[in-house]
Every structure is written in C-alpha cells, then in structure tokens.
Amino acid sequence: MESTLSAGNRLVGKRVLITGTGGGQGAAAQELFAQEGARVVGCDVVPGAAESAARKLAEQGHDVHGHTVDLADPDEACAWVDAAAASLGGIDVLYNNAAGFAFAPFADFTVDLWRHVMRVELDIVFHTTHPAWPHLRQSGGAIINTASVSGLRGIGAIGQAAHSAAKGGVIALTRTLAAEGAPDGIRANAISPGFVSSPATDTAMDDDARQYMLNMHLIQRPGTGPDIAALALYLASDESSWVTGQNISVDGGWTAGYR
Ligand SMILES: NC(=O)c1ccc[n+]([C@@H]2O[C@H](COP(=O)([O-])OP(=O)(O)OC[C@H]3O[C@@H](n4cnc5c(N)ncnc54)[C@H](O)[C@@H]3O)[C@@H](O)[C@H]2O)c1
C-alpha cells in the first residue's frame with residue numbers, strides 16, 4: 001500500500017496494542033502510530049501476517065511486534081494481552097480493530113451462523129478489553145473500538161442482520177466502557193467506517209455489491225486504511241483527552257444523507 005501518512009511525534013511514549021494488523025485498517029494504523037512514536041504490539045489470525053507487517057516497520061527502526069493470535073479464543077486473546085503488557089511495561093492504548101464477518105439473508109440465518117458472527121465481531125472486543133482493563137486503569141488509557149455504519153443504519157440488500165447487531169453492540173459497549181472507565185481516566189471511543197477498501201472487501205465484493213455500497217456515499221470512492229487511521233491517531237493521542245463515549249463515523253458522508 002502506498003503510504004500517504006506523515007511522520008511526527010503525536011504518540012511518543014505510548015504503549016499500544018492493535019488487533020488485526022495483518023492488513024487493511026489495522027496495518028495502516030500500526031504504520032501511522034509507529035511513525036508517530038508509539039511502541040506497538042499487533043496481532044492477526046492469519047498465520048504470519050502480523051509478524052510480517054511488524055517486521056517491515058521494525059526494519060525501518062520502529063518498535064513494532066506482531067503475533068499470530070485467534071482473538072475468538074478468549075484464552076489466546078488474554079495470553080496475547082498479558083504478554084504485550086509485560087513486554088511494553090503497561091498499556092496506554094487498546095485499538096480493537098480486528099473482526100471477521102459473515103452475511104446472509106435474515107431468513108437463512110442459522111443459530112450457529114448468528115453465534116459465529118457475534119463471536120468474531122463482538123465477543124473478541126470483550127476478549128481483549130477485559131484483560132487489558134487493569135492496565136488501562138493504571139495508565140488512564142484509551143480504548144478505540146471499530147464499529148461500522150452498519151451498526152447505525154439498516155442495509156437491506158446484503159444480509160447484514162448479525163453484522164449490524166454486533167457492530168451496534170460494539171457502539172453500546174463503547175459508551176458503557178467510557179462511563180465505567182471515566183473515574184480511572186480511561187477514555188473509550190468507537191470509529192464507524194463506511195465502505196473501506198481492504199483485503200476482505202476487495203475479495204468478498206463483486207462489482208454490483210461494490211457499486212451498491214458506493215451509491216450510498218456522498219463522496220463516491222471507497223475509504224482507505226489511512227482515512228480511518230487518521231481518526232484513530234487522534235483518538236489514541238492526548239489531543240482527544242476530552243473526548244470519550246463517542247462513536248465517530250468516517251464514511252464519505254454515508255450517514256449524513258443522500259446525493
Ligand atoms: N472494510 C469495510 O468496508 C469496513 C466497514 C465498516 C467496518 N469495518 C471494520 O473495520 C475493521 C477492520 O477491517 P478491514 O476493513 O481492515 O478488513 P480486513 O478484514 O482486511 O481486516 C481485519 C483484520 O482482522 C483480522 N482478524 C479477523 N478476525 C480475527 C481474529 N479472530 N483474531 C485476530 N485477527 C482477526 C483479519 O485477519 C484481518 O487482517 C473491522 O472491525 C471491520 O468490521 C470494515
């Protein structure tokens with residue numbers, strides 16, 4: 001991916017965990033955060049993907065490490081958080097970016113498929129945030145959760161019932177984490193992307209589905225990893241120290257109206 005990201009010092013000294021760093025938005029955020037001085041530990045379920053993304057940045061002199069982890073397994077998620085906190089000496093930022101997905105018309109949903117989507121989109125946020133919580137209380141840290149415009153709007157044609165319920169859950173969870181965490185200085189915010197070009201959407205969407213999605217955006221291009229990473233950087237940095245409990249859409253105007 002061609003980087004359009006700038007270098008600076010907005011995250012110097014920050015100890016950051018990012019999930020899903022093997023590609024897409026997680027990889028873009030990891031690159032930007034490292035360039036801004038953060039020490040980053042990433043992970044991805046695709047074997048070797050997080051390691052490879054981290055290695056490229058480490059070769060440029062950044063303090064970045066990546067591990068193969070299936071966050072849908074609570075024990076694996078907990079072990080990753082514990083090891084990352086130990087290696088970094090604490091946690092200042094937890095960016096819950098990773099998610100799987102599955103779509104089906106509502107009539108075709110099975111209980112197993114419903115539970116699968118909840119596990120890979122909503123449960124995994126709990127699996128990392130719960131073990132990270134004591135560290136975030138200690139540091140007065142920041143949580144960034146990735147939700148979706150699908151958690152805000154019903155989209156009829158592409159079978160998003162479970163996906164939208166899970167992402168709506170991420171938004172609601174974010175608000176409660178902000179409320180419960182405020183006395184300890186923890187901030188929690190969510191980002192709701194619109195249609196973003198990523199390894200997942202580039203392969204899962206045919207031309208018709210892509211055009212259907214793009215038609216809902218005021219700005220008719222897909223979002224990019226750097227589009228989302230720019231907001232994540234703000235939410236991870238001290239610049240957003242009075243921002244908590246918010247869900248912010250980065251969606252080419254999708255949730256604002258129609259062309
Ligand atoms: N791409 C879009 O159009 C879009 C729109 C709205 C929201 N989102 C959300 O943005 C986030 C990032 O997605 P993306 O666009 O970069 O797509 P992506 O699928 O390319 O990236 C997600 C990454 O998370 C990893 N992952 C998935 N399940 C995991 C697990 N159980 N354990 C560890 N890693 C796991 C994947 O391997 C992948 O590298 C996701 O939460 C997604 O739901 C994406």
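**One glycine and its surroundings**

A: In this predicted model, G23 is buried, because 20 other C-beta atoms lie within 10 Å and a residue counts as buried at 20 or more.

Q: Where is G23 placed in the chain?
A: G23 sits in the loop between β1 (15-19) and α1.

Q: Which residues does G23 touch, leaving out those up to four places away in sequence?
A: With those left out, G23 touches A49, S198 and P199.

Q: Let us move on to α1. How many residues does α1 have?
A: The helix α1 has 12 residues. From its first C-alpha to its last it reaches 17 Å, close to the 16 Å expected at 1.5 Å a residue.

Q: And is α1 mostly covered or uncovered?
A: It is mostly covered, with 12 of its 12 residues buried. Among them are G24, Q25, E31 and F33.

Q: What follows α1?
A: The helix α1 is followed by G37, which has a positive phi, near 100°.

Q: New topic: the ligand. Which residues come nearest to it?
A: There are 31 residues around the ligand, and G20, G24, A99, S198 and A200 come nearest. The elements that give two or more residues to this shell are α1 (24-35), β2 (39-44), α4 (111-139) and α6 (199-204).

Q: What is the shell around the ligand made of, by class?
A: The shell has 16 nonpolar, 13 polar and two charged residues.

Q: What about the largest nonpolar core?
A: That core has 66 residues, and those with the most contacts inside it include V16, L17 and F33. Its largest share, eight residues, comes from α4. In soluble globular proteins, nonpolar side chains tend to be buried together.

Q: What does L17 touch, apart from residues up to four places away in sequence?
A: Apart from those, L17 touches V41, V81, A84, I91, L94, Y95 and A132.

Q: Finally, the whole chain. How many helices and strands does the protein chain have?
A: The protein chain has eight helices and seven strands. Buried residues make up 48% of its 259 residues.

Q: Why does the radius of gyration agree with a compact globule?
A: A compact globule of 259 residues would have a radius of gyration near 18 Å, and the protein chain has 17 Å, so the two agree. The C-alpha trace spans about 50 × 40 × 40 Å along its principal axes.

Note on methods. Residues are numbered from 1 along each chain as its sequence is written. This is a predicted model: local features need pLDDT of at least 70, side-chain atom pairs count only at pLDDT 80 or more; totals for chains, interfaces and linings use all residues. A residue is near a molecule or strand if its C-beta atom, placed from the backbone, lies within 6 Å of it. Helices (H or I, at least four residues) and strands (E, at least two) are DSSP runs, numbered from the N terminus. Ala, Val, Leu, Ile, Met, Phe, Trp, Tyr, Cys and Pro count as nonpolar, Asp, Glu, Lys and Arg as charged, and the others, Gly among them, as polar. The radius of gyration is taken over C-alpha atoms; the globule rule is 2.2 Å times the number of residues to the power 0.38. The expected span of a helix is 1.5 Å times one less than its number of residues. A nonpolar core is a set of buried Ala, Val, Leu, Ile, Met, Phe, Trp, Tyr and Cys residues joined through C-beta atoms within 7 Å. Two residues are in contact if their C-beta atoms, placed from the backbone, lie within 7 Å.
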